[in-house]
Amino acid sequence: MTDETPDDPFHHLHDEDYARPYLAGLATAQTLVTLAGRKVESLDGEWRMTLDLFDEGLRQKWHALDDAPPSQWAVPRDYDIEAGERVPVPSCWNVLKPEWTHFEGGAWYTRWIDWTPGPTDERAVLGFGGANYAALVFLTGTYIGRHVGGSTPFSVEATAHLKPGRNRLQVFVENRRRSDRAPMHHFDWFNYGGLYREVSLARLPPVFIRHVSVALMPDRRRIRVDIALSDAIDGEADVEIDALALKASIEVHAGRGAIIVDAAPELWSPERPRLYDVVVRHADDAVRERIGFRTVATQGTDLLLNGRPVWLKGVCVHEDDLALGKVSTEADVRRRFRHARELGCNFLRLAHYPHHEHVARIADEEGLMLWAEVPVYWAIDFANPATLADARNQLSELILRDINRASIVIWGVGNENADTDARLAFMADLAATAKRLDPSRLTSAACLINRDRFTIEDRLAGHLDVIGVNEYFGWYEPDFSGLDRLLANSSPDRPVIVSETGADAAHGRRGAGRLLFSEDWQADFLEAQLTRIAASDYVRGVAVWLLYDFRSERRQTGFQRGFNRKGLIGADKETKKQAFDAYRRWRPPTAGRRQD
Ligand code: GCB
């Protein structure tokens, strides 16, 4: 990929086609290398960052400038790496300086890599955990790849571009809200920007393992192992699970191989989240993972975990932090899970986009079940093929990243999207994509309610395993009669999860009755909701909206002040509201207690 600067120094002022050189080299699920279970060099730490509201760096090709200090410039410049701010990576710029809080635009991140070449045929891959929303990657002046989609990982091969010694890595990250993106420009959370997840560099052999998937078959007596290599070669790989005395070789054709082997692992469950050490090898490459084995399925309106009916008592959570924005530390994830456990939950819905990779890893260890989803939220540009390609790619990257996580039981393909033909085709495509990439899990989405007939009614439901329903009767609607009618009128042929219900409460606001934004009404509302939900004979789970208050610019009353206040706990992640206790006391129906 070359991008030569024309001789005319003012060419960039009139060139609105400036993004053209950066269209090639799109990193997708096809080019993703799962770096889990490998040794990598971390590129986190201090980087330089320069905001770029006008895409000026792309217009002027800032990446092509050398590192010379201003004293050595022959002509003036508009960019000087050293004049950039020192910022930590991962981070979101919105929380680093008050004047950057609402910045929506681009930013240039720069750091240097000292490269000592390894064996001649070694390959080097840069791994990015997440950059919101789009990113362009440059190595010492050369454009080497880009990515779109704000919450999924991507890989860019750097083999041909790394030189012995000092290399300059630059990433241009851009978080504009646009109608053709997923999410589009209107959503109920905060639009954090930046290189907000880990960056790493992996040294890999000439042919390396791109992905591995190890899953229990529905009969729970066999394990299926799939392997995908970087190159379409024939050969042999092997899998080893010591604790099961399992060792098998896998024939690889054109870079892909699969094997099904007899095995009777102890099953992973919330009560006993047993994990096994699994090693998959190909030539000099090895991927090591800790994997739990379980099955999830539906039968009529039942949800089955390991063949047994299960009821999901859950809570939704956003990736949002007063100090860190969208950065999730391990301590933050563990706190989330501690609070979920305190509530007696066995389930979390990770709203409304893929959360950090370690969330599902820790949930595997701690025995929590997860719903993970893509931000196909509200009024997506459903008729736009590029938007579909983006959403499908985000879903594929999420699935490839987390395919070995027992905790994830549901892939969510969307949330509250208006019922049009274009939307049905778009989301049915996503549901089919999820099934194709991962037949071992269930699909769902927050579906629609017919508000004339008060029934759960959505043409998409036929394409999903589980029907999600977000409903706020008693909050956005003045009473619960709509919920009573909805539950009585609907007769779904598959399990329903109330994928959201909740009410706002400003901490400390007290009062009797339906006093909006009071802690008391939030708690009373929840109790009224849960009593009705528990009495239904087809609802198999609820995910209360939500664990913590979170930033949302749509919410500007005195009670909200830029926050959605439906948290059972405040935005400080400490101050519990009355409703926390109400939900903690509530016991879900016994799974399998049903009238059908
Ligand atoms: C919803 C949305 C969620 C909002 C929530 C609310 O239905 O799915 O993203 O934040 O309602 O608080 O209104």
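The largest cavity lies between domain 1 (11-204) and domain 3 (314-585), because both domains give residues to its lining; domain bounds come from an automatic or database domain assignment. The model is predicted, so local features need pLDDT of at least 70 and side-chain atom pairs count only at pLDDT 80 or more, while totals for chains, interfaces and linings use all residues. Residues are numbered from 1 along each chain as its sequence is written, and side-chain values use heavy atoms, with hydrogens and water left out.

Rolling a probe the size of a water molecule over the atoms shows where empty space is left. Here a 1 Å grid is laid over the protein atoms alone; a cavity is a set of points where a 1.4 Å probe fits but cannot get out, a pocket is an open set with protein on both sides within 12 Å along at least five of seven lines, and lining residues have an atom within 4 Å of a point. Grid points are joined across faces, edges and corners, and a volume is the space filled by probe spheres set on the points.

Ten cavities of 30 Å³ or more are present in the structure. The volume of the largest cavity is about 160 Å³. Its lining consists of 20 residues, and Asn132, Tyr133, Pro183, Phe187 and Asn191 lie nearest its centre. By class, ten lining residues of the largest cavity are nonpolar, five polar and five charged (Ala, Val, Leu, Ile, Met, Phe, Trp, Tyr, Cys and Pro count as nonpolar, Asp, Glu, Lys and Arg as charged, and the others, Gly among them, as polar).

Asn132 and Tyr133 are joined by a cis peptide bond with an omega of about 5°. Tyr133 is placed in the loop between strand 6 (131-132) and strand 7 (134-139); helices (H or I, at least four residues) and strands (E, at least two) are DSSP runs, numbered from the N terminus. Another cis peptide bond, with an omega of about 10°, links Ala182 to Pro183. Pro183 belongs to the loop between strand 10 (165-174) and strand 11 (194-195).

The second largest pocket holds about 480 Å³ of space. It is lined by 23 residues, of which Leu35, Gly129, Glu198, Ser200 and Glu357 are the closest to its centre. Helix 4 provides the largest share of this lining, three residues. At least three lining residues of the second largest pocket come from each of domain 1 (11-204) and domain 3 (314-585). The lining of this pocket has nine nonpolar, eight polar and six charged residues.

The ligand is surrounded by 14 residues, the closest being Asp188, Tyr377, Glu416, Tyr476 and Lys566 (a residue is near a molecule if one of its heavy atoms lies within 4 Å of it). Five residues of this shell are nonpolar, four polar and five charged. Glu416 has a polar side-chain atom 2.3 Å from an oxygen atom of the ligand. For Tyr377, a polar side-chain atom lies 2.5 Å from a ligand oxygen atom. The ligand taken alone exposes 320 Å², of which the protein buries 96%; accessible areas come from the Shrake-Rupley method with a 1.4 Å probe. Glu416 is not a glycine, yet its phi is positive, about 50°. Glu416 is located in the loop between strand 26 (408-415) and helix 6 (421-437).

Methods. Polar contact = N/O pair within 3.5 Å; in protein donor to acceptor, adjacent residues only side chain to side chain.
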